Amino acid sequence: MKIRIQKVSGSVLLVMLLITVVILGLFFFGGETPVSQRLVADTSMSEPAQTDALIYWMYILLAVTVFITIVAAIFQFGSKLVDSPKTAIRSLLGLIMIVLLLVVTYSVGSDVPLVIPGYEGTENVPFWLKITDMFLYSTYIMMGVLILLIVGFGISKKLK
């Protein structure tokens, strides 16, 4: 019996969507953290009780996405390398450009510690500050490039 990839991926998508809906329901309707246990500096602000569950679920989704993306890229590169080595090597250009973008945005990121009232954690250090800036700047640049590509391809399609 053959398993169709569409059935498997559709089932996985539905399970992940169901888990996401349940966690979001817990986050929005699961009550608030008791005042004595709140992590925010201003305890008059609300803090949903299931914030950790939502954050951990986002970490899981990010890890699964990164893993699947890397595995798929390796398989695609391997199959292209067998069929057309020149095309396979050219496909590495995208990876090289992303690594270059990450290096540049990391280098321009700020390492000045933030003033955060009530924060006693250990992540307000230059390394994590530069990593955060790297992700933010990279996201801004990639969104800008995406918008330019959408507009550019739309214009070129109309001109043909």
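Biologist: Which residues of α3 are buried?

Modeller: Buried means under 20% relative accessible area, with exposed over 50% and partly exposed in between (1.4 Å probe, protein chains only). In α3, the buried residues are A88, L101 and T105. Their cover includes α2 (51-83) and α4 (126-159). The model is predicted: local features need pLDDT of at least 70, side-chain atom pairs count only at pLDDT 80 or more, and totals for chains, interfaces and linings use all residues. Residues are numbered from 1 along each chain as its sequence is written, and side-chain values use heavy atoms, leaving out hydrogens and water.

Biologist: At what angle do the axes of α1 and α2 cross?

Modeller: Helices (H or I, at least four residues) and strands (E, at least two) are DSSP runs, numbered from the N terminus. Axes are lines fitted to C-alpha atoms, for helices over the stretch in contact, and angles run from 0 to 180 degrees between N-to-C directions. The axes of α1 (residues 5-29) and α2 cross at roughly 155° and come within 8 Å.

Biologist: Which residues of α2 and α3 meet?

Modeller: Contact means heavy atoms within 4.5 Å. From α2 come F77, K80, L81 and D83; from α3 come P85, T87, A88, I89, S91 and L92. These two helices pack at about 145°, with axes 6 Å apart.
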